[in-house]
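Student: I would like to learn how to read the features of a structural model, one at a time. Could we begin with the ligand and then move on to the charged pairs?

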Amino acid sequence: MPGAIVITGASSGIGAGFARRFAARGRDVVLVARRAERLESLADELRGLHRVEATVLAADLADPAAPATIAAELTERGIHAAGLVNSAGFGTASAFIDEDAARVAAEVQVNVAALTLLTRALLPQLISSRGVLVNLSSNAGHQPLPGLAVYAATKAYVTSLTEAIWQETRGTGLTVLALCPGPTETEFFAAAGSETFKVGATKSVDEVLDEAFAVLDSSNPSPVRTVGAANRLQGWVARVSPRRLRLWVAARAVGSA
Ligand SMILES: NC(=O)c1ccc[n+]([C@@H]2O[C@H](COP(=O)([O-])OP(=O)(O)OC[C@H]3O[C@@H](n4cnc5c(N)ncnc54)[C@H](OP(=O)(O)O)[C@@H]3O)[C@@H](O)[C@H]2O)c1
């Protein structure tokens with residue numbers, strides 16, 4: 001599948017990790033985030049190490065116009081999207097009644113709307129390339145989380161959307177994955193200004209990527225990968241538990257009870 005892998009959230013953490021892995025496999029990459037200098041420095045690194053094309057598109061995905069602008073910019077530059085990794089995202093942590101409305105609006109725009117619309121815009125190219133779509137969901141999306149209500153709901157949406165796309169595109173050759181990490185060593189907690197998200201053992205970006213690529217490289221990739229055996233068990237328990245019990249346990253796990 002020729003063409004480039006478009007990676008949002010490539011200035012940091014899991015997105016930067018995906019960019020490094022795909023470039024190491026000889027894939028051209030398009031790096032998207034707000035911090036252009038970070039993207040430029042990663043692009044220089046990848047060009048030097050792997051002799052790939054690395055294109056920087058600085059964009060604020062909280063701007064509703066961003067997905068269409070990114071898609072148009074790719075067309076203008078003659079870049080065909082063979083892959084899309086939607087890694088841009090952030091969390092807010094507090095009781096819902098105390099949430100800042102503007103920050104929540106941006107959270108929903110980045111985690112939900114931008115991911116959806118960029119996927120919609122690029123999906124025909126991804127399918128024609130028999131390419132790859134990875135959407136960063138989270139362990140937090142497996143159940144409602146009092147204290148992280150909006151973040152958990154955005155990730156439940158991402159998993160749901162991605163699973164449906166997995167089914168709709170079966171037989172096209174496109175590989176579709178909702179990746180659900182638990183706590184991972186990135187700038188995520190600093191960006192959120194909260195450690196509330198750190199429920200369970202923390203993994204490195206490389207550990208997360210090893211699990212992701214094990215699925216992507218398999219002959220029959222599953223639609224969802226929860227990272228880590230303990231998180232997979234916890235997700236399964238949450239799915240089969242009665243709702244009141246699930247909420248009671250979740251509130252205690254995030255310390256909001
Ligand atoms: N780390 C964890 O524990 C964890 C666990 C489960 C799921 N996740 C998910 O994994 C994904 C990646 O997070 P991470 O852990 O790598 O966190 P991170 O290190 O904070 O990276 C977040 C990325 O999102 C980008 N981003 C945030 N707001 C943006 C905006 N308005 N416009 C464009 N880009 C924006 C950031 O770039 P700029 O600031 O340069 O714009 C950055 O590149 C997120 O979707 C997160 O929800 C993380």
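**Reading the ligand site and its surroundings**

Tutor: Let us start with a polar contact, defined as a pair of N or O atoms within 3.5 Å; here a polar side-chain atom of Asp 60 lies 2.8 Å from a nitrogen atom of the ligand. Please keep in mind that this is a predicted model, in which local features need pLDDT of at least 70 and side-chain atom pairs count only at pLDDT 80 or more, while totals for chains, interfaces and linings use all residues. Residues are numbered from 1 along each chain as its sequence is written, and side-chain values use heavy atoms, with hydrogens and water left out.

Student: Which atoms of Lys 155 and of the ligand are 2.9 Å apart, and what part of Phe 188 lies 3.3 Å from an oxygen atom of the ligand?

Tutor: For Lys 155, an N or O atom of the side chain is 2.9 Å from an oxygen atom of the ligand, whereas for Phe 188 a backbone N or O atom lies at 3.3 Å from a ligand oxygen. The ligand taken alone exposes 880 Å², of which the protein buries 96%; accessible areas come from the Shrake-Rupley method with a 1.4 Å probe, and for residues only the protein chains shown count as cover.

Student: How many residues surround the ligand, and which are the closest?

Tutor: A residue is counted as near if one of its heavy atoms lies within 4 Å of the molecule. By that criterion 30 residues surround the ligand, the closest being Ser 11, Ser 12, Arg 34, Tyr 151 and Thr 186. This shell divides into 14 nonpolar, 11 polar and 5 charged residues, where Ala, Val, Leu, Ile, Met, Phe, Trp, Tyr, Cys and Pro count as nonpolar, Asp, Glu, Lys and Arg as charged, and the others, Gly among them, as polar.

Student: Which helices each supply at least two residues of the shell?

Tutor: Helices (H or I, at least four residues) and strands (E, at least two) are DSSP runs numbered from the N terminus. Helix H1 (13-24), helix H5 (149-168) and helix H6 (188-192) each supply at least two residues of the shell around the ligand.

Student: How should I read a salt bridge, and how many does the structure hold?

Tutor: Side chains of opposite charge can pair when their charged atoms come close. The criterion is a side-chain nitrogen of Lys or Arg within 4 Å of a carboxyl oxygen of Asp or Glu, and the structure holds 10 salt bridges. One of them joins Asp 217 to Arg 25, with the closest N and O atoms 2.7 Å apart. Because Asp 217 lies in the loop between helix H7 (205-216) and strand E7 (224-226), and Arg 25 in the loop between H1 and strand E2 (28-33), the pair ties together parts that are 192 residues apart in sequence.

Student: Which residues form salt bridges with Glu 211?

Tutor: Arg 225 forms a salt bridge with Glu 211, the closest N and O atoms being 2.9 Å apart. Arg 225 lies in strand E7 and Glu 211 in helix H7, so this pair ties together parts 14 residues apart in sequence. The side chains of Glu 211 and Arg 232 also meet in a salt bridge, at 3.1 Å from N to O; with Arg 232 in helix H8 and Glu 211 in helix H7, the parts so tied together are 21 residues apart in sequence. Glu 211 itself counts as buried at 16% relative accessibility, while Arg 225 is partly exposed at 24% and Arg 232 is partly exposed at 34%.

Student: What makes up the nonpolar surface patch?

Tutor: Patches are made of residues with over 30% relative accessible area and no salt bridge, like charges being joined within 9 Å and nonpolar side chains (Val, Leu, Ile, Met, Phe, Trp, Tyr) within 5 Å. Here Leu 233, Trp 236, Val 237 and Val 240 make a nonpolar patch of about 400 Å². Leu 233 lies in helix H8 (residues 229-240) and counts as exposed, at 53% relative accessibility.

Conventions:
Buried < 20%, exposed > 50% of the residue type's maximum accessible area, 1.4 Å probe, protein only. Polar contact = N/O pair within 3.5 Å; in protein donor to acceptor, adjacent residues only side chain to side chain.
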